[in-house]
Amino acid sequence: MTEKTLNVLFLCTGNSARSILAESILNGEGNGRFRAFSAGSHPKDAPNPLALETLKTMGYRSEGFRSKSWDEFTRPGAPEIDFIITVCDSAAGEACPIMRGPGRRAHWGVEDPSHVEGTREEKLRAFAQTATYLKSRIMAFINLHKDGDDTEVSDSKLKEIGAMEGATEKARKAD
């Protein structure tokens with residue numbers, strides 16, 4: 001039996017930090033079993049340079065990213081999405097467009113490191129902490145799929161992942 005590559009779309013409002021961090025981390029850790037994408041409801045002009053620097057420091061791909069609208073995943077020819085994961089509370093509260101594929105949904109909200117005030121070092125620490133929280137969730141998600149049988153991945157397991165350390169209040173209480 002050939003394992004299906006699972007397509008995962010990470011959503012955030014601006015698609016400039018958290019969703020891009022998650023996309024790169026899952027693509028780096030997924031061993032070809034996952035294909036991650038990211039998008040935003042109101043994308044910024046470009047990815048946050050500190051997010052890209054954090055990815056590079058952690059050994060993940062940090063080039064070739066752009067902030068894009070989630071509408072790109074509703075068009076003909078867009079990949080079928082198996083999982084839609086919001087990583088910010090505001091995107092979780094928005095009505096997502098209809099996308100191709102089953103699009104099972106989960107909310108893994110973590111605080112936005114781009115809102116941290118302070119020195120460059122303090123900002124980089126915030127990005128590194130956010131990336132660490134996201135990586136922990138992604139590794140737990142990958143482990144849910146270790147046997148290649150995705151029918152056993154329950155919504156409650158996805159919710160547990162979203163409530164891991166660093167979760168926003170909304171993510172801890174997600175239904």
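This is a predicted model: local features need pLDDT of at least 70, side-chain atom pairs count only at pLDDT 80 or more; totals for chains, interfaces and linings use all residues.
Thr168 has 4% relative accessibility, so I logged the residue as buried. I then placed Thr168 on the chain. Thr168 lies in a loop that runs between helix H5 (155-162) and helix H6 (169-172).

Next I looked up the contacts of Thr168. Leaving out residues up to four places away in sequence, I found that Thr168 touches Asp89, His107, Gly109, Val110 and Glu111. I checked the Asp89 pair by distance. Thr168 and Asp89 are 79 residues apart in sequence, and their C-alpha atoms are 7.7 Å apart in space.

The side chains of His107 and Thr86 are joined by a polar contact of 2.7 Å. I placed Thr86 in strand S3, residues 83-86. Thr86 has 7% relative accessibility, so I noted Thr86 as buried.

Then I turned to cysteines. I searched the whole structure for disulfides and found zero. Cys12 is in no disulfide, and its nearest cysteine sulfur is that of Cys88, 3.1 Å away. I looked from the other side too. Cys88 is in no disulfide, and the nearest cysteine sulfur to it is that of Cys12, at 3.1 Å.

Cys12 is buried, with a relative accessible area of 5%.

Terms used
Residues are numbered from 1 along each chain as its sequence is written. Side-chain values use heavy atoms; hydrogens and water are left out. Helices (H or I, at least four residues) and strands (E, at least two) are DSSP runs, numbered from the N terminus. Buried means under 20% relative accessible area, exposed over 50%, partly exposed in between (1.4 Å probe, protein chains only). Contact means heavy atoms within 4.5 Å. A polar contact is a pair of N or O atoms within 3.5 Å; within protein, one must be able to donate a hydrogen and the other to accept it, and residues adjacent in sequence count only if both atoms are side-chain atoms. A disulfide is a pair of cysteine sulfur atoms within 2.5 Å.
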